[in-house]
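This report is a first guide for a reader new to the structure shown below. It takes up a few places in turn, each of which can be followed in the sequence and in the 3D view.

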Amino acid sequence: MFTSRIFRRLFIPYLLLIIGVSVVVGLVGRRQLTEAYLDRTEQALAVETRLIARLLHDQLKPSSPAEGWADDLRQYANLTGYRITVIDSAGVVLADTEADPKVMENHASRPEIRQASAAGEGLSRRPSGTVHQDLLYFAHRDIGADGATYYVRAAFHLAQLGDRLRAFYTALSGAGLGATLLAAAVCFWIARRHASPVVELTDFARAVADGDLSRRVLSAERGEFAILAASLNAMANSLSNLVTQTRQDKAELTTIVASISDGMIAVDRQQLLLLANDAAAALLGFDPGDWAGKHLWELVRNEQVLKSAADVLGTGQRATYQVSPLAGKHLELTISPLPAPEEVSRIAEATTSPEQTRIGADAAAQAGTAGTLRRAAHGLVIVAHDTTQSVRYQDLRKEFVANVSHELRTPVSVIKGFVETLLDGAMHDPQRTADYLTRIEKHVDQLTNLVSDLLELSRLESQPGIPEIVEVNPIKLIRRSVELLAPAAEKKGHQLSIDAPDELPSIQGNPDYLERAVSNLIENAIKYTPQNGTIAVAARADGAGVVIEVSDNGLGIPRQDVPRIFERFYRVDRSRSRDMGGTGLGLSIVKHVVQSHGGSIDVETQLGAGSTFRIHLPRQKI
């Protein structure tokens, strides 16, 4: 297809050129050939007519009849190819080689005869009334032997000129046809020679347009095609590198955006989503796989979010909004306008070279002004930060402060009351003084325990890891905790037992912290188990770790309170817990110790039937 197309484009101009040249050559050649042929014929006709007249000079006399030299005329005509005519002075035809003189009209008025009568010779070109053909006439006047005037006329048939012209046109046509065939062959050769690189370049362009950037032009042509092929290969290499870099940048950007814990959404001027990560879908409540091609208002149903986006899009100024609650979450939205593409290009161009860094900084600063942003707000970037934990921590902090204040206020108020009572005169009563001092000591112990637990909990929360990690034997750990609390259990008549094999795998951790956690569980079991209860401490190997259980048959925990028992200062029965000297921080400390060692804690309980606290500790800290 390309070969025929190139052939047509090359051959048609050549064909038109050959036809034009042939026509011009034919016209000019006809004229030149005609003039040259006639000039030569006229000269030859004049010379031969004079020669014939001289040969007939002695025969042209009255005593010599025409029949005597008519044969000579025919012989001369055969030799020269001319028509020969002899005319007397009166214009009567005496002899003619192609017609009968008797039937021929008088020739005195013929142009060549009149010219010969006046000048001795005459020439004319005209059709013959006798033979009805175009002839070239030359007449020569001669004086016969009798002194009479005679005219010898020779005529050349111009039909011979037509034959010559036809032969010329035939030769010219042949030459034109040969030139046409030669031009066709040359054009076909050129078309075939150039079609291959053109086809290759076309296939290359189509492949690149279809996204195949690995395609290259392999043509070994020289000249312009070689330069074009090299340029296209260089362009393909640059484009491939650019696309590869763009894909890499896009993949990096996608990975970075996907790994950000904050939600991120980019929209255009019409609020059509350009980018969104899974965190944004989770925070704003839409399907992470169904945002492409949709508008912001189709995915986010919160009126406050949509109004905030519309405000920033209208003003072009960055703003931060608090949105709560949204799907049970508290969010902080930071909405920034996207600059116009030409503004980005201008800043990028201004910062491409080191010497233009200052210019780029100035351009960036200008782009950051409110006026520029108003002109360049062609979209938005919405960053949603989940502040639920922060709000919860604030609430917990307030609750913690309130709880600490309450826990401190009660013993301090009691101590102050007893001290004031003693100062008012009760100290003089030994029995009352002893009772008041006992109560003051109890509340001071409660304050001491509270402050100690607060300090311990603060230390656990503030330090990055557990200090002094060593190999810990779980059996020894349990036995020390049981021995420490055995007197308290005996005081209430409890049966405190250990159920554990002699050999257990050691664990990595801080023995003091782990002993404190187990002791707290045993101490709680003693406090909340009625007199003569049963408390069992068990341990067993479990996969890659150790499980320690503390069970009792005490009061149990209501089901609705189970999720909160590990919170600080949370008590199921506040008044009873406080009377028992509890601070409300014991289980919080246990939870922090266990989690710091990479473990977990859970509880099984039944109201009125007792509880079982279970600690899972890995052999090595996770």
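Predicted model: local features only at pLDDT ≥ 70, side-chain atom pairs only at ≥ 80, totals over all residues.

Two residues are in contact when heavy atoms of one lie within 4.5 Å of heavy atoms of the other.

Asp 96 belongs to strand β2, which covers residues 93-96. Because a residue counts as buried when its relative accessible area is under 20%, Asp 96, with a value of 10%, is buried. When residues up to four places away in sequence are not counted, Asp 96 touches Arg 83, Ile 84, Thr 85, Pro 101, Met 104 and Arg 153. One of these, Thr 85, is 11 residues away from Asp 96 along the chain, and the C-alpha atoms of the two are separated by 4.3 Å. The side chain of Asp 96 also reaches backbone nitrogens, that of Glu 98 at 2.8 Å and that of Ala 99 at 2.9 Å.

**Ser 336 and its surroundings**

Ser 336 is found in strand β9, made up of residues 329-337. Its contacts, leaving aside neighbours within four places in sequence, are Val 312, Arg 318, Gly 379, Leu 380 and Val 381. With Arg 318, the side chain of Ser 336 makes a polar contact, side chain to side chain, at 3.3 Å.

| Side chain | Partner | Distance |
|---|---|---|
| Ser 336 | side chain of Arg 318 | 3.3 Å |

Strands of a sheet pair through backbone hydrogen bonds, in either a parallel or an antiparallel way. In this model, five strands form an open sheet in the order β12-β14-β15-β17-β16, and their pairing is mixed. Its edges are β12 (495-499) and β16 (600-606), each of which pairs on one side only, while the twist from one strand to the next averages 15°.

Within the sheet, strand β15 (residues 545-552) and strand β17 (residues 610-618) run antiparallel and are joined by seven bridges. Val 546 stands opposite Leu 617, a residue of β17.

Which helices lie across strands of this sheet? Helix α15, residues 511-527, lies across β12, β14 (534-542), β15, β16 and β17, and runs at about 20° to β15. Helix α17, residues 586-596, lies across β16 and β17, and runs at about 25° to β17.

Key: Residues numbered from 1 in each chain as written. Heavy atoms only, no water. Helix = DSSP H or I, 4+ residues; strand = E, 2+ residues; numbered from the N terminus. Polar contact = N/O pair within 3.5 Å; in protein donor to acceptor, adjacent residues only side chain to side chain. Pairing = 2+ DSSP bridges. Axes fitted to C-alpha atoms, helices over the stretch in contact; angles between N-to-C directions. Buried < 20%, exposed > 50% of the residue type's maximum accessible area, 1.4 Å probe, protein only.
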